[in-house]
Amino acid sequence: MAHILIVDDDAVIRDLITDVLTAQSHTCAAAESGDEALALIAKTRFDLVILDRNMPLMSGIQVLKKLRSSPATMNLKVIMCTAAELLAEADEAFEAGAVDYVIKPLDLSKLIAKVAHHTRPS
């Protein structure tokens, strides 16, 4: 299955997503900040990143823009995750290069379906 990085400053959310995706036979790693995520991505190959939009110091949008600016990570699939339900924030995530968007509180069945869709072999 897929190797997935979960990036969220909330440990409960990181653990919940990790537990759910591990139960689906995915391998997961976790980061609590944008800087930590970028460091992990620089040394490990991931198939997908689930990235919190609203984090202190470096937002998920800033992380995504950094990923898109590097040839090594420009095609890495990223699902943006946030508590905000504003259409403008979804648009901003897609403009920055997200492949999908999920809203907290998480509908775990939708998250599982989106992960399955974006990690399906082409």
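The legends below describe close-up views of a predicted model.

**View 1. The open sheet has five strands in the order 2-1-3-4-5.** The pairing in this sheet is parallel. Strand 2 (27-31) and strand 5 (100-103) stand at the edges, and because each has a single partner strand, one side of each is left without a neighbour in the sheet. On average, neighbouring strands of the sheet are turned by 20 degrees against each other, direction ignored.

**View 2. Strand 3 and strand 4 run parallel and are joined by five bridges.** Strand 3 covers residues 48-52 and strand 4 covers residues 77-82. Val49 stands opposite Val78, a residue of strand 4. Helix 3 (residues 60-68) packs on the sheet and touches both strand 3 and strand 4. The direction of helix 3 makes about 170 degrees with that of strand 4.

**View 3. Helix 1 lies across strand 1, strand 2 and strand 3.** The helix is formed by residues 11-23, and strand 1 by residues 3-7. Relative to strand 2, helix 1 runs at about 170 degrees.

**View 4. One aromatic pair is found in a search of the whole structure.** The pair consists of Phe94 and Tyr101, whose ring centres are 6.5 Å apart. The ring planes of Phe94 and Tyr101 stand at 45 degrees, so the pair is classed as tilted, since stacked requires planes under 30 degrees apart and edge-to-face over 60. Phe94 has 40% relative accessibility and therefore counts as partly exposed. Tyr101 has a relative accessible area of 9% and is buried, because the limit for buried is under 20%.

Key:
Residues are numbered from 1 along each chain as its sequence is written. This is a predicted model: local features need pLDDT of at least 70, side-chain atom pairs count only at pLDDT 80 or more; totals for chains, interfaces and linings use all residues. Side-chain values use heavy atoms; hydrogens and water are left out. Two strands pair if DSSP finds at least two bridges between them. Helices (H or I, at least four residues) and strands (E, at least two) are DSSP runs, numbered from the N terminus. Axes are lines fitted to C-alpha atoms, for helices over the stretch in contact, and angles run from 0 to 180 degrees between N-to-C directions. Contact means heavy atoms within 4.5 Å. Rings of Phe, Tyr and Trp (its six-membered ring) pair if their centres lie within 6.5 Å; planes under 30 degrees apart count as stacked, over 60 as edge-to-face and the rest as tilted. Buried means under 20% relative accessible area, exposed over 50%, partly exposed in between (1.4 Å probe, protein chains only).
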